[in-house]
Amino acid sequence: MSIDLKQLKYFLAVAEEKSFSRAAERLHISQPPLSQQIMKLESELGVKLFARTTRTFELTVAGKALMNEAAELLAKMRMTIDTIRQIDRGEVGRLRVGIVGSAMWGPIPSLLEEFQTKFPRVTWTLHELGPTLQYDALRAKQIDVGFWREPRLDEDGLRNDNLRQELCFREDVCVALNEHHPLAKQDAIELMDIADQPMLTLALDKSAFPRYLIQCCVKAGFQPTIFQEASEPQTLLAMVGAGLGVALMPETTSRIGWPGVVFVPIRSNPPSANLYITYTTTDDAPVVRAFLNILNPPSRET
């Protein structure tokens, strides 16, 4: 049996119009090919769909049944085609976003809000993970995109794992100080100014970012004295507020307004807290493309 959607569309037009001529006009075709398609459909089905006389034009019992079924089938097909097109445009689906906690104090929330506004039928979830766990999750296809800070992945590693990394937000590091600290009233300080201060840092074994900051201190001329490590930025800020030490933090951290903490810029060559997005290149998911278009990063580096 060979029945196509065009035949069902033609049949439905004739059934609804109760006239071959009006149906042909509605379909913008001539009447002979329309009649031929209906006859072919009847032949394929092995039934009569219309009871024709010189004065009447009625659907047979089989024709009435097919009319209902054809209407539902064509409506479902139109919905299916519309959904497929929406999926191709990234308007339907799911997006799993890996993120480091400090990124939520920056531009990411407004980015997600814009994405949700423009793509309300996309379901997205946040997965707060360190860079190493995000990297593993990307390779295992457990998340679709990942956000983390400096240092970026090396190019060879990216290529070997079919990943692409792009700079999306530029940001510097500042110094978080207790509000009573002598340096807290400065408009800006040098990194060397905190050389003799107890350093509070994120856990050095969980992320490359705090290790990168330690290297920046060494490059500036001093080996910092690590007083305490913590898993969460909030814990560091609580300790800074208690006067237990100083911490190097992304500038957007200052948006929190943590009690008893002052954020002071670094004057010369501040360490970078740039935020990168990483995603796989082997799965060209429309939802990821749509998200990247919303992001519109200022630099497209590989």
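**Pockets, cavities and a few elements**

Guide: Gladly! The largest pocket has a volume of about 430 Å³. On a 1 Å grid over the protein atoms alone, a pocket is an open set of points with protein on both sides within 12 Å along at least five of seven lines, while a cavity is a set where a 1.4 Å probe fits but cannot get out; lining residues have an atom within 4 Å of a point. Grid points are joined across faces, edges and corners, and a volume is the space filled by probe spheres set on the points. This is a predicted model, where local features need pLDDT of at least 70 and side-chain atom pairs count only at pLDDT 80 or more, while totals for chains, interfaces and linings use all residues. Residues are numbered from 1 along each chain as its sequence is written, and side-chain values use heavy atoms, with hydrogens and water left out.

Visitor: Which element gives the largest share of the lining of the largest pocket?
Guide: Elements are DSSP runs numbered from the N terminus: helices (H or I, at least four residues) and strands (E, at least two). Those giving two or more residues to this lining are helix H6 (131-139), strand S5 (145-149) and helix H8 (208-220). With three residues, the largest share comes from H6.

Visitor: How many charged residues are in the lining of the largest pocket?
Guide: Ala, Val, Leu, Ile, Met, Phe, Trp, Tyr, Cys and Pro count as nonpolar, Asp, Glu, Lys and Arg as charged, and the others, Gly among them, as polar. By that scheme the lining has eleven nonpolar and six polar residues, and the charged ones number four.

Visitor: How much space lies in the second largest pocket?
Guide: Its lining includes Glu-190, Lys-219 and Asn-269. By class, that lining divides into six nonpolar, two polar and two charged residues. The space in this second largest pocket is about 190 Å³.

Visitor: Is Asn-269 buried or exposed?
Guide: Asn-269 lies in the loop between strand S11 (261-265) and strand S12 (275-280), and has a positive phi of about 45 degrees although it is not a glycine. Buried means under 20% relative accessible area, exposed over 50%, and partly exposed in between (1.4 Å probe, protein chains only). At a relative accessible area of 74%, Asn-269 is therefore exposed.

Visitor: How many charged residues line the largest cavity?
Guide: About 110 Å³ of space lies in the largest cavity. Among its 14 lining residues, Thr-201, Leu-202, Phe-209, Leu-213 and Leu-248 lie nearest the centre. The lining divides into twelve nonpolar and two polar residues, and the charged count is none.

Visitor: How far apart are the end C-alpha atoms of helix H1?
Guide: The expected span of a helix is 1.5 Å times one less than its number of residues. H1 (residues 5-17) has 13 residues and so should span 18 Å; this agrees with the distance between its end C-alpha atoms, 18 Å.

Visitor: In S4, which residue is the bridge partner of Val-97?
Guide: Two strands pair if DSSP finds at least two bridges between them. Strand S3 (residues 93-99) and strand S4 (residues 122-128) pair in the parallel sense over seven bridges, and five of the seven residues of S3 are buried. In S4, the partner of Val-97 is Leu-126.
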